[in-house]
Amino acid sequence: MILVPYDPQASTTSSPITCIDSICEHSFKVSSNVCDTTQLCSYGFQYGDGSSTTGYLVSDTFIYNTIHPNNTLANNEARIVFGCGYSQSGNLLTAQNVVDGIIGFGQSKLSVISQLYSQGLTPAAFAHCLQGSEQGGGILVVGNIVGVKAVYTPIVSSQPHYNLNLRGISVGSNQLIVDESAYETTNLQGTIIDSGTTLAYLIEPIYTSFINAIIKGAPDGAHLLAEQGVPCFMYMGSVDDTFPMVTLHFEGADMILKARHYLIRQADVNTELWCVGWHPISYAAAVGGGLLTILGDIVLKDQLIIYDLDNQQIGWVNYDCSSSISVSTSNGKSESVSPHYLRNSAPLLDARISLVSQFVMFLTNIYILCMYYKD
């Protein structure tokens, strides 16, 4: 794949953000040097898997579709600030993960959802549904979701991520015996959900207790193996029907998971080898110097995950992610949006800005591959 970096100087609508701009205070600045009026607002950010991006902020036009009555779509545009990433590291450079950028839906003022909401263009709500089949796919909708019976848990306030209060974990009917302090939320510890993380990562002692419970609850005929230190099972039957279910006990709501939410079938072998896709946090970089339990796509897949930012809560419900989702429109009625619209919608950024095609959604800020700005 050939990626074409965004060139802000080739865009007639772009504007550089300097370090004296007030929005620069919300970026992850890499320098504390004295600022002058010509100095660009630089940033540096590290993700949960250890990948990082460095660049500077610019402002340009963002193109998006809105749903109108009778299921019609219309192009809209808004001016947003985003990061031009001219230096990436880690998994962002690997062939299987290479993308044009990251579109952020976090709680900071620089995320796409925050910027659109602050301009009165969208509600402070969005949802995603990640299809768990080998073909992948899914849907992302900005707006208020209607017509589903989701359960909700509050978002922990004053945290940079989507932190939730995890109270415990059960494997089958047995809750893990772990000191309650392992689930506490502090500045250096807690539980987050992150669609930009593929697997799940548990802190100790939760991880060891979880693995022991899965091994104990494995069905007869499941042969335990170890692949590069990861517990795996050779098993010919249906894992969803025979391996224990896992329940995540959040404040006010439970998330019930089948075996496919913690076991991954190994595609590079000819036998039915299933490996645990939940790892100890030592497998991933500590986030911000702390240890976080990270619940990534393996946990979130095949569920409609709803982010109700107005009410500071996150909900979920089991869902067929190949089907449509009902969202309320500006006139108060509901319309359905399906993955078809994602495949045939307008590009995320206007062609006059960039040839941006492949994005990955992170619950953080937004950046795209970028050329360095020349004075």
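Me: In this predicted model, a disulfide is a pair of cysteine sulfur atoms within 2.5 Å. Which cysteine does Cys129 join in a disulfide?
Reply: The S to S distance of the pair is 2.0 Å. The cut-off is 2.5 Å, so the pair counts as a disulfide. The partner of Cys129 is Cys321.

Me: How many residues apart are Cys129 and Cys321?
Reply: Cys129 sits in strand S6 (residues 125–130). Cys321 sits in the loop between S23 and strand S24 (325–328). The pair links distant parts of the chain, and the separation is 192 residues.

Me: Is the link of Cys129 and Cys321 left-handed or right-handed?
Reply: Cys129 is buried, and Cys321 is buried too. The angle about their S-S bond is -70°. That link is left-handed.

Me: How many disulfides does a search of the whole structure find?
Reply: One of them joins Cys24 to Cys41, with S to S at 2.1 Å. Another joins Cys232 to Cys275, with S to S at 1.9 Å. With Cys129 to Cys321 also joined, the search of the whole structure finds three.

Me: Which strands hold Cys232 and Cys275?
Reply: The link of Cys232 and Cys275 is right-handed, with 100° about the S-S bond. It ties together parts that are 43 residues apart in sequence, because the two cysteines lie in separate strands. Cys232 is in strand S15 (residues 230–234) and Cys275 is in strand S19 (residues 273–276).

Me: Which strands stand at the edges of the five-strand open sheet?
Reply: The order is S7-S6-S22-S23-S8, with antiparallel pairing. An edge strand here has a single partner strand, so one side is left without a neighbour in the sheet. The edge strands are S7 (138–142) and S8 (151–154).

Me: What is the bridge partner of Ile305 in S23?
Reply: Strand S22 (residues 303–308) pairs with strand S23 (residues 313–318) in the antiparallel sense. Six bridges join the two. In S23, the partner of Ile305 is Trp316.

Me: Which residue of S21 is the bridge partner of Ile192?
Reply: In strand S12 (residues 189–193), five of five residues are buried. Ile192 points the way Gly190 does, while Gln189, Thr191 and Ile193 point the other way. S12 runs parallel to strand S21 (residues 291–295), joined by five bridges. The partner of Ile192 in S21 is Ile294.

Me: Which residue of S12 is the bridge partner of Asn163?
Reply: Strand S9 (residues 163–164) pairs with S12 in the antiparallel sense. Two bridges make that pairing. The partner of Asn163 in S12 is Ile192.

Me: Is the pair of Tyr6 and Phe82 stacked or edge-to-face?
Reply: The structure holds eleven aromatic pairs. In this one, the ring centres are 5.5 Å apart and the planes stand at 65°. Planes over 60 degrees apart meet the cut-off, so the pair is edge-to-face.

Me: Is the pair of Phe210 and Trp278 stacked or edge-to-face?
Reply: Both Phe210 and Trp278 are buried. Their ring centres are 4.6 Å apart and their planes stand at 15°. Planes under 30 degrees apart meet the cut-off, so the pair is stacked.

Key
Residues numbered from 1 in each chain as written. Predicted model: local features only at pLDDT ≥ 70, side-chain atom pairs only at ≥ 80, totals over all residues. Heavy atoms only, no water. Pairing = 2+ DSSP bridges. Helix = DSSP H or I, 4+ residues; strand = E, 2+ residues; numbered from the N terminus. Phe/Tyr/Trp six-rings, centres within 6.5 Å; stacked < 30°, edge-to-face > 60°. Buried < 20%, exposed > 50% of the residue type's maximum accessible area, 1.4 Å probe, protein only.
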